[in-house]
Amino acid sequence: METDFVQAFDKLSSIMYRLRAPGGCPWDQAATVTSLRGNLVEECFELLDAIDAGQKEHIEEELGDVAINLVMMILAAQDAGLLKAENCLNNACEKLIRRHPHVFAPDKSPVTEGVSLGEVNKNWDKIKDTVEGRQTDHCLDQVPKSFPPLLRAYKLLSKACKYGWKWENSLQAAGKVEEELEECREAEKEGNSSHLEEECGDLLLAATSYVQTLGVNPETALNKANEKFYRRFSFVEDKMKEAKLPLDFQHAESEWKFWTEAKKEGF
């Protein structure tokens with residue numbers, strides 16, 4: 001199986017080289033790291049959709065598309081003089097070996113045997129900071145600012161947790177959510193939009209912290225909630241069309257009736 005995968009990767013790489021070589025495809029030849037950025041992001045989201053839907057064949061296809069974009073991006077970066085393709089992969093291999101001493105340590109010392117998941121994570125961060133020199137002035141600087149807001153909030157809080165900045169239990173976290181909600185209500189009464197926006201941000205961060213304390217990934221949870229809302233609202237929309245009623249404030253009572261029906265039917 002390992003040999004089959006290596007052969008398949010070699011074949012993919014050969015095809016990508018051929019496409020970018022003289023006499024290849026004009027589009028592939030013109031592709032750059034910058035122009036491929038949007039494609040990679042798009043393919044990653046399509047892969048996530050396939051994973052969430054649990055569609056085996058679709059997952060396989062989308063993973064292949066992500067692989068295509070990654071290989072193309074590596075070759076484009078090489079052609080631009082930014083790196084050597086082999087160095088890119090060799091560095092990744094060295095990093096994996098370096099960060100897994102409990103697997104690749106030559107002496108298999110007692111320190112590396114029977115290591116727990118918590119110890120693995122702690123050692124991973126230690127290697128990044130010391131051996132690889134990735135330590136920053138502030139620990140939270142290691143979380144990319146380009147992350148989507150919810151993901152960044154989750155990662156910032158997770159990083160802070162590693163340094164002891166966390167609630168003792170979910171009740172404390174829930175209390176913070178209630179506190180921030182009350183501050184939102186007060187800001188709303190003031191009529192100060194800037195202050196209200198600030199307090200809403202604090203509320204969302206507190207909610208993220210609460211969800212995290214429960215051991216739930218907020219991005220996964222919100223994505224499922226989004227899909228549930230989509231299914232139920234689409235059901236309401238279809239029912240309103242059948243009843244020849246418009247979607248507007250004047251027919252809100254009918255909309256809520258169909259919404260309740262959607263919940264009962266498991267949408």
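Colleague: What covers the buried residues of α3?

Modeller: The cover includes α2 (26-30) and α4 (56-79), where contact means heavy atoms within 4.5 Å. Helices here are DSSP runs (H or I, at least four residues), numbered from the N terminus. This is a predicted model, so local features need pLDDT of at least 70 and side-chain atom pairs pLDDT 80 or more, while totals for chains, interfaces and linings use all residues. Residues are numbered from 1 along each chain as its sequence is written, and side-chain values use heavy atoms, leaving out hydrogens and water.

Colleague: Which residues of α3 are buried?

Modeller: Leu 36, Leu 40, Glu 43, Leu 47 and Ala 50. They cover an arc of only 85° around the axis, so they sit on the same side of α3; the arc uses directions from the helix axis to the C-beta atoms.

Colleague: Why is Trp 256 called exposed?

Modeller: Exposed means over 50% relative accessible area, buried under 20%, partly exposed in between (1.4 Å probe, protein chains only). Trp 256 has 59%, so exposed it is. Trp 259, at 17%, counts as buried.

Colleague: What makes the pair of Trp 256 and Trp 259 edge-to-face?

Modeller: Rings of Phe, Tyr and Trp (its six-membered ring) pair if their centres lie within 6.5 Å; planes under 30 degrees apart are stacked, over 60 edge-to-face, the rest tilted. Here the centres are 6.3 Å apart and the planes at 70°, so the pair is edge-to-face.

Terms used:
Helix = DSSP H or I, 4+ residues; strand = E, 2+ residues; numbered from the N terminus.
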